Amino acid sequence: MKGIPKRYLLVAAIAAALACLFVQYFKLSGLFDRRVPVLETQPNNCYDKTIRVLARPFYNPYTFFDSEGNPTGHDVELINIVANELKMNLDLQLTDWNSAIEAIKSGKADVLMACEFFNRHSSETELANTVYTVYDEFAVFGNKPLDKPIQLLDKKIGILKNGNVSSNLYSMGLAGKCTGYDSYFGAFKALMNGECEYVIGRTAVGIAILDNLGAKDIKPLMSIGSSCMCFGLSPDNQELRAKIDAILMKLKTDGTLERLHRKWLTTFVQPYTFEDVMRNNPWLPLTAVALVALLIYVYVKWHREKRAQLLEIERMEGNLDKISQKAEDYHEMLIKASSGYLEVNLSQNAIIGDIIDVDDNGTQTIINKASARTPTGYNEFMKWWADNMLVSDKAEFLAVSNCQHLISRFNAGQKIVDIFCTSLRKNGKNERHCKHTYYIFRNETNSNIMAFCLVTDITDEVNAERKANELRQVLTAMANDYDSILHFDFDKHRIDCYRFGRLLKDANEVDGSFSTFEDFMKGYAEDFILPEDQNDFISEMTSVKILPVIKSGKVFSAKFRYGKQEAPRWLGINMIHHKDHKDRNCVLIGIRDMTDEISIEQRHQTELKEQNKALEIARDMAQAANNAKTAFLFNMSHDIRTPMGAILGFTNLAIKNIDDKEKTLDCLKKTKASGEHLLALINDILEMSRIESGKVTLEEKDIDLIDVCESSLPMLRILADEKNISFIFKHSDISDRNVHADSLRLSQIIINVISNAMKYTNPGGQVSFTLSQESCDLPGKNMYRLVFEDTGIGMSKEFQRHIFETFSRENTSTVSGHQGTGLGMAITKNLVGLMGGTIEVESEQGKGSKFTIRIPLCAVNANDNASNNAANDTKSQASLEGKKVLLVEDNELNREIAAELLLDNGLEVDMAEDGSIAVKMITEKGCQYYDFVLMDIQMPIMDGYKATSAIRALPDSDALPIIALSANAFEEDRQKSITAGMNAHIAKPIKVKELLETLRKFA
């Protein structure tokens, strides 16, 4: 120590002493040995009166036992202070919760400690409560993502034993697997070790523990509520309650409650020994020494600067009046700039201070937060405000202006939040637009989140912006259609250019004032309108003509020619009243080029004229067709009545002369001939109808062309003999007689043409039919020519142009003496066209006619036809004697005729009136019993198609021939029968020869 200056020794001694004091201070304060402080309850003999207090024995940190077995905790210390303030002895008894409540209600005790409001919604008791003594928030801690409280279901959750969280988890819907720990420290250690997934605890305590443990990845994930503690008393003991409330408000004001809160809620983090602290924190001694040195330095520094600070304070006090005046000025500016303001503690859902409201006249109203006019809670006040101010979209406004939402915005880094709403003024009509601006910050003293809300009336700004948007929309919409847009004020004689285009000479010359509207339009006409149209333009563009139109809400429109004289274009002007200037004569003027539109309109008019002309032609054609059909119906009325009259007349003669066999037979023959003629008329009509509807199809197969022609001639020869007409058929140069074609349609063509020729050829005349083969340009086909010539009455040149039209006849049957529908040649032409051929006619009146038909057909191998014909010949010779037939027919007359025909040809006949009866008979007798089934199609109960399907479903039904007998005589009807499972189709009325040939095919 020798040689060391005494002043250094003195400084060292002072530093050592201070270090010792530093260590001793922190040891006594609990840093090194954090044990539960020992409390002594209030003695029972100090005062005249005694307050009887009850508490739960295990409610850490409010009431519990220390290591010596004495009751201690936050509420125990607080009730001691309250008893002293009341000048009363303290009688503290620990008991269970239910017994305590009953004791308070019965008057055996005065106060129940640790009554709790969870989330500030409801109390645990039915007792009267004091003002709250403790307010704190609860948070969920963890290192796993968490968005909603519902995600905590079935999670392992750590909580503090005997804490108020566990009693409320189920009511909050968080029924997880909860584990209680003796201390928060133990709960967070378990979270770090993976023993639980989350911890629910007080936010401030949790953050302190996590900092101590160095757990960087664990943090509060979300707030799940708050808790308010208070004392409970009997509702009848209002005097004592008022006294305790006054004491608690005093303790809250002087900061005692806040100190107790920090002391007890952080006491039971984890007990430490001095050795633990020194082992874990070797820097503490050095820190103590450094702190002592720093304290000495700070003291010297402070001593030097103290005088300067005092001088500065004096200077600041001298400026206090100026600062106060500035504050008042700022307050005045705030009132003028806003409609009101308030301060809010968002964390506690509380309004701080007074609510300032400024009405439309600038009058300031102070609404005290304790006033009965409004709720004291911030969320409740905002709901009251929304209801009374008639806020529209109230739910949306409250959703974004409540405490929780504003806190979440602040936590997301947003310190200034604007919320807009629309309400109605006091008259209930005019809209009022407000902007609520929240300036959000955190109170560093208690970590509460605070906000200053400034309410501003922005109605004028919103209305101005709305009008501006409407104007922009109008101008934008007009800009899409107009080259130039102008605004003209007739009252001020001022014009403004909103959009400058090529149809304005100079925007600078346009903007400004004019003596009259007419002056501007006169100058515009000279610059743009063609000379010959200028006078009309000037006379049209006057205020006298324009103002009445636009004031009535209509659009004033006009169009004129402009541009070059040799290639003029069209300019259009539209004017509408400017809605933003209702009380003034203002118009928006749109100018555009209408040349394309007018050209389109002119083309449209031309097309419309052409369409009208086409419609007139179509109308004339329709009228002609309608006249033709009318003539046809007139002709058919005669042509159908003629054979019908013959049938009825000859039938009556046969009945009358029934005993005269020869005369009766003659009548029946003539009746049959008339019926066949009537059937031919009906067939022609139906055939033409099917052709026009596109239902006729060709059924092509391999045939001998010459055989088909010759098979069609016998009936024609009979007709020729009856009329004493010479008929000749010849063929030449036929190298390929076997072709692939529809024999039925080919025969129909031949019969139609020849019978038509014989009809109009007088006795003694001649009809010839020549078949020949020609070369053909179509690959794989030969061209066959059919020429029909007669020496008949011939046709006029005019009628030759219409001979192939439907319903056309040169004269009616009454005039010509020949019956017919006028459809035969139309049918023939359509069938020839269907086969890909052509038909031509040459005729001269009084000399006869010549029809030439050319049809391209594919040639086939002759051997195939020969084998098919041989097979058919063999079938046609089969005997039908003794064969069993089931005749299915619902019409009794048709059934009787068909049965008689079958019996006459040696067949045995069973009959069924309906398809269902036929199915039953075949089911009972078996499919082998009958050789044939003749099936009608249209029957009332079960038609022929359904009956056939039912029969085919029976065993061994494939070998049973089912033949359709139907009045549906067309090809599609035959196909439908085959599809239903039938083997053949015969059209009614029944032709005996066709019926017998069909039966022999399946015999």
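**A chat about helix pairs and buried residues**

Student: What does the secondary structure of the chain come to?

Tutor: In this predicted model, the chain has 33 helices and 36 strands.

Student: What share of the residues is buried?

Tutor: Of the 1003 residues in the chain, 39% are buried.

Student: And how much accessible surface does the chain have?

Tutor: The accessible surface is about 56,200 Å². Carbon and sulfur atoms account for 53% of that surface.

Student: Among contacts between residues at least 6 apart in sequence, what percentage join residues at least 24 apart?

Tutor: The figure is 64% for contacts in the chain.

Student: Let us turn to helices. At what angle do H17 and H18 pack?

Tutor: Helix H17 covers residues 517–528 and helix H18 covers residues 531–540. The two pack at an angle of about 160°, and their axes are 10 Å apart. Because an angle over 145 degrees counts as roughly antiparallel, H17 and H18 are roughly antiparallel to each other. Their crossing is right-handed.

Student: Which residues meet there?

Tutor: From H17 come Met-521, Lys-522, Tyr-524, Ala-525 and Glu-526, and these meet Gln-534, Phe-537 and Ile-538 in H18. By class, the residues of this contact are five nonpolar, one polar and two charged.

Student: Where is Met-541 placed?

Tutor: Met-541 lies in the loop between H18 and helix H19, the latter spanning 543–551.

Student: Is Met-541 buried or exposed?

Tutor: Met-541 counts as buried, because its relative accessibility is 0% and the cut-off for buried is under 20%.

Student: What is Met-541 in contact with, leaving aside its neighbours within four places in sequence?

Tutor: The contacts of Met-541 are Phe-517, Glu-518, Met-521, Ile-546, Phe-556, Ala-558, Phe-560, Ile-573 and Met-575. One of them, Glu-518, is 23 residues from Met-541 along the chain, and the C-alpha atoms of this pair are separated by 6.8 Å. Another, Met-521, is among the H17 residues that meet H18.

Student: Now the other helix pair. How do H30 and H31 cross?

Tutor: The axes of helix H30 (residues 915–925) and helix H31 (residues 944–952) come within 9 Å, crossing at roughly 15°. H30 is therefore roughly parallel to H31, as angles under 35 degrees count as roughly parallel. The crossing of H30 and H31 is right-handed.

Student: Which residues make the contact?

Tutor: H30 contributes Gly-915, Val-919 and Ile-922, while H31 contributes Ala-947, Ala-950 and Ile-951. This contact of H30 with H31 has five nonpolar residues, one polar residue and no charged residues.

Student: One more residue: which strand holds Thr-852?

Tutor: Thr-852 is in strand S31, residues 848–859.

Student: Why does Thr-852 count as buried?

Tutor: Thr-852 counts as buried because its relative accessibility is 8%, and buried means under 20%.

Student: Which residues is Thr-852 in contact with, apart from neighbours within four places in sequence?

Tutor: Thr-852 is in contact with Arg-785, Leu-786 and Val-787, and also with Thr-838, Ile-839 and Glu-840.

Note on methods: Residues numbered from 1 in each chain as written. Predicted model: local features only at pLDDT ≥ 70, side-chain atom pairs only at ≥ 80, totals over all residues. Heavy atoms only, no water. Helix = DSSP H or I, 4+ residues; strand = E, 2+ residues; numbered from the N terminus. Buried < 20%, exposed > 50% of the residue type's maximum accessible area, 1.4 Å probe, protein only. Contact = heavy atoms within 4.5 Å. Areas by Shrake-Rupley, 256 points an atom, 1.4 Å probe, with all protein chains shown as cover. Axes fitted to C-alpha atoms, helices over the stretch in contact; angles between N-to-C directions. Parallel < 35°, antiparallel > 145°, perpendicular 65-115°, else oblique. Left-handed = near helix turned anticlockwise from the far one by under 90°. Nonpolar A, V, L, I, M, F, W, Y, C, P; charged D, E, K, R; others polar.
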